Amino acid sequence: MADAAAPAPPSPPVDLSRITFESTRNRRRIIASYWFIVILALPLWWRTTSIDRLSLPESRARVLAEKHLSSPVHVELRGSQEQLEHVHTLHHELARWISPVAEANGLSFTAGQGPHTRKAGPGSYNVVLENRQDAVVEGRSLHIGLNEPSAGQRVIDTVTKILVPHVSQTASEEHRVVKYSPRYRLAFSLLNEDASSGRAALSWDVREAVDTYLHGTFDRLSVLHNFTIESQVQYHAPLAFEPRAIHVADNDAHGLTPEDLTVFVNSAEWTLASSSSNDPVLHFVLFVPSSQHSPLYILDHEGQATTSDAFVLPQWGGILVLNSPPSHLTVSELAKTFHTFHRQLLTLLGVPDLPAGVQSRQAEAFTDWQLDALVRQRARQNFENSKDTLNSIVKLVHQIENMPVGEDVQGDVQDALDALDAALEAVPSSSTQALQRSAEALTLSSRAFFNPGMLALLYFPAEHKYAVYAPLFASVAAPLIAAIVREVIAWRKARRAARQPEARARAD
Amino acid sequence: MLILPWLSAAVVAAASWSQRVHAQNADQEHAVRGFFNAQSGSVSSHTNNWAVLVCASRYWFNYRHMSNALGMYRTVKRLGIPDSNIILMLADDVACNPRNKFPGCVYSNAGRSLDLYGDNIEVDYRGYEVTVENFLRVLTGRMDPSVPRSKRLLTDDRSNIFVYMTGHGGNEFLKFQDNEEISAYDIADAFEQMWQKKRYNEIFFMIDTCQANTMYSKFYSPNILATGSSEIHENSYSYENDNDIGVAVIDSYTHHVLEFMEGIGKTSHKSVQDLFDTYSFEKIHSHPGVRADLFRRPLRQTLVTDFFGGVAQAEVLSSALVSGQGIPNTTERSHAQEAVPEKLAMVNAVEAYRTNATSGQTSTQQIEIVRTRALDTAAMFESYARGEQGSFSITARAWASVAVAGSLIAWVSRISKH
């Protein structure tokens, strides 16, 4: 009764564990599923934030770095019966003195004597000893006289210079030669300083002139380069400075000082080339001064007018001043102009000169010796440049850790290395082949270097990383970690509670 | 039988000649080396000039940054760099801003005497194209194949490049368009990549922004000369307002440099040291810095026109080469050969002339002073950048933040227990 009289005990609080989501098991599942997703996302996060850096064939590049192109060159000495002894002695001397110079310049030099020791190939030349004073080149043969005491020395000297002309090249000559490119654009411009002043060349037969005077050269150079040609006429192309007034033979004239020449091109007001492609451009300018500035001469350092009317800007192009032209320049009137342009073009492309005292008997502008020397030189330069580029790619990828390396870069590097190997293989049989392979390697290695995907990620200081990640992740991580800690504590408590009654029971 | 002694004489002659050849080669090598030393010592060995001019900030109130960049554009163009060799990046078009009272014009002085926009201007990157990425692509040349020639920096190892940047910056960064920034490390890495690919001969880096000198502190590639408008923790100020335009029209440092440049013609012999000598706090209201430790030539002999001008050398073709009628025939060939030394002598004379003109007032003492000053600033930045203190404080901060987060978690779990 007493029990009945006693006030009913307050109904126990709702058992939280009955609510499904508050049941311990479910709650733990929910928390675990959050963590599960976070952990599942980790690889994704890793993948999306890491940079794709494929491995490059470094060891291959390193091995190639030690190698150099070495074109074989064979010189065959010939002479008439009575000169056999000369031939014999000279042959040894040639081999002895030229080999070191040639080797230092990427040639493996051999000398032979007699008419039938070796077949004529691309790398083989004849030196014919004759009774004459001068030296003449014809095809791949050099006819040289041998009737003076110092002739032996002269032969060796000449053969060295004609085989490796780049040895005796000065820095300024090296300076003006343009970088190798498989394609060039040649821009011919006829600029009238002021056509309204009277004396002006209003038109020119440039297409015919190019065909007549330059076509042969283009054909000869086709193993090295392709040329695109454009031309224009401008009627108002003012100078940016006032030429100096001078007197030549009691007549008023104007002159360009050596300093004026460096600023002659008024790039702010002359549009000299279209920008239709990314090929390097060589400019050839025929400048007609206005009647106020006419005649216009080039001055030397003393301020005296020189007989020259043309100059070269290194790696840029050539300029020719034409005083008092007819209003229309026909092909024949352009002969002198285009011979100057021709000369300037060869200078800029690096076609070597023949050694002093050697004359050409060929109709072409330059001999096979010269062309071969240029091809060998360009092949060697391309080979070295391509190697340098490949090694700098490898070096930069190591140095800059944020730089991605994609599949196309890997492929281009691979192909460039193949092309370099092919060049090495081709060089004993044909230097033209070697040039083509090395040019290919240069193009490929440059393309790999300039791959748009190779742009490194921006530098991101450590503080910035904390500043970016903390607001994002700290707010998410805090409840997640707190929930785990709570669960662990609750679990341990429950376990202790479960163990305690057991212990108490055992004590009883 | 007379031939034998003759032949032996010839061989002896050949032998002695060869010795001479070796001696000659040595001589030649010496001469070549001397020439190159002279090149690196005084006359620049470049054949073409390029300029990259960047205005990195947009909005009307940054009018002065646009006119900074345009002022430099006008100057490099006046001194002979063709438009095809200038990459001009302008983040905004203030000339056509509706708030511009003088549409189509950008002035750099209060009297509005000089319109920088003019009628012949070629902006290569404008508006939203001016990004950090595009700037780095221009420098490194990593472009899509479809990008036109006018937007490319087609330089080689004979190119001198002038890089000018202006905008809002801070310690080791420069803001682009108010939403991203380029750091000193990025530019330094870009220059290194250019060096590796032989994309420059020399670089002259100039920057006008707050704490500008920190921007060149990370450079590590050779042949870079750098100058900036202000030291670390120092602002770079504008020069003057125009009341009709209503905003500041140019920055103090750039105004000062441009004023110096106005006194320079295409054939001027002023050296970059002359420019640096004109820097003063009174005129600029900040402390401009110079960094020359990576640069190999003495500043006294480095002409301003080596970076702002057009071409350095011209070679006169001697008339013998030119007078040919018909395909150059044999006689002309020989003439050509004879003419070569004369031509070379002329080139040498040009060089000697320039050297003399510049070395006129050279005083080694001054150069040394400059060197030490430049080195001092460099060392200062370097110690600041990589000092152990710096890295320690970074780690300390990191651990502190971990501790804060930990205590936060502990606190949450305590509360939930109660």
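User: Hi! What does the accessible surface of chain B come to, and how much of that belongs to carbon and sulfur atoms?
Analyst: Hi! Bear in mind that this is a predicted model. The accessible surface of chain B comes to about 18,000 Å², and carbon and sulfur atoms account for 56% of that area.

User: And how many of the residues of chain B count as buried?
Analyst: Chain B has 418 residues, and 55% of them count as buried.

User: How many helices and strands does chain B have?
Analyst: There are 12 helices and 13 strands in chain B.

User: What about contacts in chain B, what share joins residues at least 24 apart?
Analyst: Taking contacts between residues at least 6 apart in sequence, 74% join residues at least 24 apart.

User: Switching to the two chains together: at what angle do H10 of chain A and H4 of chain B pack?
Analyst: Helix H10 (residues 368-399) of chain A packs with helix H4 (residues 184-196) of chain B at about 160°, and their axes are 10 Å apart. Angles over 145 degrees count as roughly antiparallel, and H10(A) and H4(B) are therefore roughly antiparallel to each other.

User: Is the crossing of H10(A) and H4(B) left-handed or right-handed?
Analyst: H10(A) and H4(B) cross in the right-handed sense.

User: Which residues make the contact?
Analyst: From H10(A) come Ser392(A), Lys395(A), Leu396(A) and Gln399(A); H4(B) brings Glu192(B), Gln193(B) and Gln196(B).

User: How do those divide into nonpolar, polar and charged?
Analyst: The contact of H10(A) with H4(B) has 1 nonpolar, 4 polar and 2 charged residues.

User: On to the backbone. Where is there a cis peptide bond?
Analyst: Look at Ser294(A) and Pro295(A), which are joined by a cis peptide bond with omega of about -5°. Pro295(A) sits in the loop between strands E11 (281-288) and E12 (296-298) of chain A.

User: And what is phi of Tyr59(B)?
Analyst: Tyr59(B) has a phi near 80°, which is positive in a residue other than glycine. Most residues other than glycine have a negative phi.

User: Where does Tyr59(B) lie?
Analyst: Tyr59(B) is in the loop of chain B between strand E1 (48-55) and helix H2 (63-78). Its relative accessibility is 37%, so Tyr59(B) counts as partly exposed.

User: Last one: what is phi of Arg112(B), and in which loop is Arg112(B) found?
Analyst: Arg112(B) is not a glycine, yet has a positive phi of about 55°. The loop holding Arg112(B) lies between strands E2 (86-90) and E3 (125-126) of chain B. With a relative accessible area of 24%, Arg112(B) is partly exposed.

Technical notes: Residues numbered from 1 in each chain as written. Chains lettered and ligands numbered in written order. Predicted model: local features only at pLDDT ≥ 70, side-chain atom pairs only at ≥ 80, totals over all residues. Heavy atoms only, no water. Axes fitted to C-alpha atoms, helices over the stretch in contact; angles between N-to-C directions. Helix = DSSP H or I, 4+ residues; strand = E, 2+ residues; numbered from the N terminus. Parallel < 35°, antiparallel > 145°, perpendicular 65-115°, else oblique. Left-handed = near helix turned anticlockwise from the far one by under 90°. Contact = heavy atoms within 4.5 Å. Nonpolar A, V, L, I, M, F, W, Y, C, P; charged D, E, K, R; others polar. Buried < 20%, exposed > 50% of the residue type's maximum accessible area, 1.4 Å probe, protein only. Areas by Shrake-Rupley, 256 points an atom, 1.4 Å probe, with all protein chains shown as cover.
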